Amino acid sequence: MKLFGSALILAGTALGAGMLAIPMVLAQFGFIISSLLMLVIFIGTTYSALLLAEACSKTKDSNSMSSVALMTLGKNGQRIINALFYLLLICMAIAYLLGIGDIISRLLANVGVEISAISSYSLFSLLVGLIVVAGKAYVDKLNRGLFFIMVGTLFIVIVSLMSNIHLDFITQESDYSVNTIVKYSAIIFTSFASMVVIPSLVDYNRGASQGEIRNMILLGSLIPLICYITWLFAIIGNLGTDAIARLHSISELINAFSDQQSDLKLIVAVFSSLALITSFLGVSMALYDQNKDALSSNKANTYVLTFVLPLALAALFSNQFVSMLDYAGMVLVFLAVWGPILMVRKVRQPDFPLPNLETTYTAGGGTAALSSAFLFGALIFVSWFMG
């Protein structure tokens, strides 16, 4: 159950951004092209996640990117990784907080309670912080429960939407260029990359076999792909690419269902909230471990750094949900692709001191796979400059 729960944390961390950003970003390309793009990025991010899991399993007592980087890349490499990791986690935390604040304030307004988005996500962040500080076991159990509720609401939404699918929307062709597809790859990349929680989860599952670690990563990566494709099919089939392309915020996406069924609109809002909450749980857990490992072992200080500082920054980036995911995608190339490649090259050297060989994981593919992963990262990196 620990491994299964860990796979759900991986999946939940990815799903929050993707379920909400993917329809708004990919609708312009149509369902078929969007699905192919997601499949390519799924393969690249999954292999990169396996590489990072290998590096984490082969470094002793490592529960964060900071300690893994120190043991594999040295002090200077650790400083670079730490700076990028903080930037990534804060970008993702801000994106999720903005989305959560938007949804909560709209939901409360529907029942006559007026509260600003800032107040909504501030209270939410401080409460989640208490759970994260309590320990990974609590995060695991809470995430597991929320994930099953989220999947249940997703199932209800998709079943409801399937009765109103317009096949001409699914096969609808859009005007696009290869440059445009590459341009949005960074955002889709962010929607699949849940590597921020891998160091914490590998540490949480110390003693697991090679096959168990691999299967945890594969399951945690496959769930988002299935959910994304099904969700995109249902959304495009109901609303059409032209209508979705005009949406700019999560609340607008939810309101787009008001013409369908009033109950459906509420269920979509609940599902969207849960998707963001599970993502924020994973990201905040990773940020908390990173702060505790690199900056302060004092729980109070780490709590402030993890859950109060992002609130101040979120106030500066209101209405920038998709933009924050774009920024995160740029940083993720270094951390989720190129960083693990360098780490794995180090831990595979004959003189590297490995912990217990029976519980270390080695990703397959050899040099050819590492080279392909590097080129995949280069594609995402170039996409960021095509905005």
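Arg144 and Asp140 are both buried; buried means under 20% relative accessible area, exposed over 50%, and partly exposed in between (1.4 Å probe, protein chains only). Their side chains meet in a salt bridge, with N and O 2.7 Å apart. A salt bridge here is a side-chain nitrogen of Lys or Arg within 4 Å of a carboxyl oxygen of Asp or Glu. Both residues sit in helix H5 (residues 136–162). They are 4 residues apart, about one turn of the helix. Helices are DSSP runs of H or I with at least four residues, strands are runs of E with at least two, and both are numbered from the N terminus.

This is a predicted model, in which local features need pLDDT of at least 70, side-chain atom pairs count only at pLDDT 80 or more, and totals for chains, interfaces and linings use all residues. Residues are numbered from 1 along each chain as its sequence is written, and side-chain values use heavy atoms, with hydrogens and water left out.

Now look at the other salt bridges. By the rule, the count comes to 3. Salt bridges that share partners join Glu54, Lys58 and Arg348 into one network. Take Lys58 and Glu54: their side chains meet at 2.9 Å, N to O. Lys58 is buried, at 6% relative accessible area. Glu54 is buried too, at 0%. Glu54 also forms a salt bridge with Arg348, and the closest N and O atoms are 2.9 Å apart. Glu54 lies in helix H2, while Arg348 lies in the loop between helix H15 (321–347) and helix H16 (366–383), so this pair ties together parts 294 residues apart in sequence. Arg348 is partly exposed, with a relative accessible area of 30%. Why do such pairs form? Side chains of opposite charge can pair when their charged atoms come close.

Next, follow helix H10 (residues 210–239). It has 30 residues. From its first C-alpha to its last it reaches 44 Å, close to the 44 Å expected at 1.5 Å a residue. The expected span is 1.5 Å times one less than the number of residues. Just after H10, Gly240 takes a positive phi of about 85 degrees.

Finally, consider confidence. pLDDT is the predictor's confidence in each residue, from 0 to 100. The protein's mean is 79, and 86% of its residues reach 70 or more. Among its elements, helix H2 (residues 31–57) has the highest mean pLDDT, 87. Helix H12 (residues 250–255) has the lowest, 65. Where pLDDT is low, the predicted coordinates should not be read in detail.
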